[in-house]
Amino acid sequence: MFKRIGILAHPQRTGAGPVGELVKAALHERGLDCWLRTTWDADSTNHLIADSDLVIAIGGDGAMLRTARLCAPFNVPVFGINTGHLGFLTEARGDAWEPAIEALLSGQFWIERRMMITSEAWHGDQALGTFEALNDVVISRGLIAHSVLLETYIDGDWATTYAADGLIVATPTGSTAYAMAVGGPILPPELKNILVVPVAPHLSMDRPMVLSEGATIEVVITPETQTDVTLTVDGELTVMLQPNDCVIVRASERISQFVRLRDRSYFYRSLLDRLEPRVPLRREPSQRAARITSTTSNHK
């Protein structure tokens, strides 16, 4: 079980720090070694995370994304407490952290593993950087409202050239974020496929693509592009790109691990509760289960 637990409280989320202090005190009362930080730079937290069994992220989905990226290199799982708005990736509400911690410490949890992607940005032979993402990598225009022209290659072969405001390269986790907002499909988190979704395409490929597991995508900014181009990783501006620069994205060797208290089938219900009003069930769960069992038996 957990012996050393870290807490990362979002410095800009009202309530995250106070909840972090309460959680830290509760863990100390139970005899657990615990640390708390409200600054999230890797230099000040990596040595702490590397020596921890679990990190509790307090904030919203942004807190979860940043914590997951920090913890992935050390194979440390993340548990989320929501003091933000949506909190789709978190597991407990900020006003209900106590029963959640009790369940966690009593072993009533399971570990969910989600793929990450790694992106490399290149200017000719010069590497501009390598970046890990849990949600998505986005190549998009700057402030001027001109389309960008993006030559796109899949596993080394030319696929299409997008004329669009941008291109989203997302994980299944990211399929419920920006990619969903522009009409992309929803992928369950256990998949290991990369999703490609153009943003406002004009007279070019306008359908999302789900790539096969293990695929690599390369995106080249064409010389004809006449506007600033940005590369953002999980919503954070990373580098400015120029014509002929390229970005290569593939599945990362690292994975994110989330500690879950809910049933393993939580994903669809959690998503739909946020997308539509909850309507009353027409059948009790036991009745539905009986019907599914009966149907399965009839097909054997």
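Good morning. I begin with a salt bridge: R269 pairs with D273, and the closest N and O atoms are 2.9 Å apart. The structure I am presenting is a predicted model. Both R269 and D273 belong to helix α6, where they sit 4 residues apart, about one turn of the helix. As a general point, an α-helix has 3.6 residues a turn, so residues three or four places apart point the same way. R269 counts as partly exposed, at 33% relative accessibility, and D273 is also partly exposed, with a relative accessible area of 37%.

In total, the structure holds 15 salt bridges. Let me take two that join separate parts of the chain. In one of them, the side chains of R4 and D51 meet at 3.6 Å, N to O. R4 belongs to strand β1, residues 4–9, whereas D51 is in the loop between α2 and β3; the pair therefore ties together parts that are 47 residues apart in sequence. R4 has 18% relative accessibility, and because the cut-off for buried is under 20%, R4 counts as buried.

The other is formed by the side chains of E91 and R260, at 2.8 Å, N to O. E91 is in the loop between β4 and β5, and R260 is in strand β17, 169 residues apart. Both partners are buried: E91 has a relative accessible area of 12%, and R260 has one of 1%. Salt bridges with shared partners join E91, E112, R114, R260 and R262 into one network.

What is the volume of the largest pocket? About 480 Å³ of space lies there. The lining consists of 27 residues, and G60, D61, G62, L65 and N135 are the closest to the centre. Two elements, α3 and α6, each give two or more residues to this lining, and α3 provides the largest share, with 6 residues. By class, the lining comprises 11 nonpolar, 9 polar and 7 charged residues.

Helix α3 itself has 9 of its 11 residues buried, so it is largely enclosed by the rest of the structure. Among the buried residues of α3 are D61 and L65, both of which are also among the residues closest to the centre of the largest pocket.

The second largest pocket holds about 290 Å³ of space. Of its 20 lining residues, R113, R114, P189, E190 and L191 lie nearest the centre. The elements giving two or more residues here are β6, β17 and α6, with the largest share, 6 residues, coming from β6. This lining has 11 nonpolar, 2 polar and 7 charged residues.

Finally, the sheet. Six strands form an open sheet in the order β13-β12-β11-β8-β15-β16, with antiparallel pairing. Which strands lie at the edges? They are β13 and β16, each of which pairs on one side only.

Strand β8, residues 136–141, is mostly covered, with 5 of its 6 residues buried. On one side, β8 pairs with β11 over 5 bridges in the antiparallel sense, and D136 stands opposite A170 in β11. Strand β15 also pairs with β8 in the antiparallel sense, over 5 bridges, and here R141 stands opposite V229. β11 in turn makes an antiparallel pairing of 5 bridges with β12, in which P198 is the bridge partner of L167.

Thank you for your attention.

Notes
Residues are numbered from 1 along each chain as its sequence is written. This is a predicted model: local features need pLDDT of at least 70, side-chain atom pairs count only at pLDDT 80 or more; totals for chains, interfaces and linings use all residues. Side-chain values use heavy atoms; hydrogens and water are left out. On a 1 Å grid over the protein atoms alone, a cavity is a set of points where a 1.4 Å probe fits but cannot get out, and a pocket is an open set with protein on both sides within 12 Å along at least five of seven lines; lining residues have an atom within 4 Å of a point. Grid points are joined across faces, edges and corners, and a volume is the space filled by probe spheres set on the points. Ala, Val, Leu, Ile, Met, Phe, Trp, Tyr, Cys and Pro count as nonpolar, Asp, Glu, Lys and Arg as charged, and the others, Gly among them, as polar. Buried means under 20% relative accessible area, exposed over 50%, partly exposed in between (1.4 Å probe, protein chains only). Two strands pair if DSSP finds at least two bridges between them. A salt bridge is a side-chain nitrogen of Lys or Arg within 4 Å of a carboxyl oxygen of Asp or Glu.
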